[in-house]
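Have the structure open as you read.

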Amino acid sequence: MPTIVIADEMEKEVVAEIGKLGKVVFKPKDLKKELVDADVLIVRSATKVTKDLIEGAGSLRVVARAGVGLDNVDQAACKEKRITVINTPGASTNAVSELALALMMAMLRNVQKAHHQMKGGKWEKKALTGREIAGKTLGIVGYGRIGASLAKKASALGMKIISYSPPPRPPEDGIVKYVDDLDAFFAQADIISLHVPVLDSTKNMINAANIAKMKDGVYIVNTSRGEIVDEDALYEAVKSGKVAGAALDVYKSEPYNGRLLELENVCFTPHLGASTKEAQGRIGAELVAALKSALAKK
Ligand code: NAD
């Protein structure tokens, strides 16, 4: 019976399902020690699976990430030790695209400002005149699972969809128009939503030079990864009014405590993209299925 170490928080039901596949060690105090005899390590985003962490894990066969991004797993180190790495890529797609849409609408209608105002005993409607998303051009960076899912929803709400997403990519689906020139893409979008993984080509993609190419009064939504945005550049751009508003779910360092929090025109959520009951259920089901097949292979 394999020993399965679950390092991060996980729903009781999922832990019970995983328990049918082996002996579960849940959230051990000394993870490194527990890994010495473990066959499987399961993480979410909190635990960083570093080379050092798996160094002494002689029996480790599978590292499973309950979620999409594998940026907290040193995949090269796993490959070197012939450890299979699995994740649950499709389970949170809908939850993240719904959050991106919710953030976009909240930001354009000043929901976060209105909420704070009323809590502070004010009723100042004039300062809260918003913008509508219908008729606006939504620029999606990265037309993968989440980008395409958002495009479908936003298009149904009357938005025009363009995407910067170099090949390989799906053919245009009647909703999206690909714009391959990044400068032209930035110049056309009223709202930009980021849906790319962390790569050399995407790190700090939203920087001062690229923000300068965007429309005055552009809105930016980031539900991908904090690394994609130069937070200092975004701060300056929101402060100057070049960027009319931003909505952020992810940050370079989490929990985030930086100076963007000073700005009224930025709407924040604490990395809630996949945090729906439905997505957590799907993540659990996908994880158990992937784990079963990975264990069966060896
Ligand atoms: P995906 O792999 O399906 O799509 C990513 C897309 O980005 C692909 O189409 C790829 O071709 C494209 N791409 C790669 N490099 C690019 C570049 N330089 N410029 C433009 N496009 C590029 O991934 P996904 O499932 O849609 O996830 C997207 C992002 O969302 C990931 O960063 C993931 O970590 C993040 N995510 C966040 C949460 C959250 O809780 N906020 C939850 C799940 C996923």
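1. A polar contact here is a pair of N or O atoms within 3.5 Å; within protein, one must be able to donate a hydrogen and the other to accept it, and residues adjacent in sequence count only if both atoms are side-chain atoms. By that rule, a ligand nitrogen sits 2.9 Å from an N or O atom in the side chain of Asp249. The protein buries 87% of the 870 Å² that the ligand exposes taken alone (Shrake-Rupley method, 1.4 Å probe).

2. Bear in mind that this is a predicted model: local features need pLDDT of at least 70, side-chain atom pairs count only at pLDDT 80 or more, and totals for chains, interfaces and linings use all residues. Residues are numbered from 1 along each chain as its sequence is written, and side-chain values use heavy atoms, with hydrogens and water left out.

3. Now look at strand β6, residues 137-141 (strands are DSSP runs of E, at least two residues). Five of its five residues are buried, meaning under 20% relative accessible area (1.4 Å probe, protein chains only). Thr137, Gly139 and Val141 point one way, Leu138 and Ile140 the other.

4. What does β6 pair with? Strand β7 (residues 160-164) runs parallel to β6, joined by five bridges, and strand β9 (residues 191-194) pairs with β6 in the parallel sense over four; pairing takes at least two DSSP bridges. Val141 stands opposite Tyr164 in β7 and has Leu194 as its bridge partner in β9.

Key
Buried < 20%, exposed > 50% of the residue type's maximum accessible area, 1.4 Å probe, protein only.
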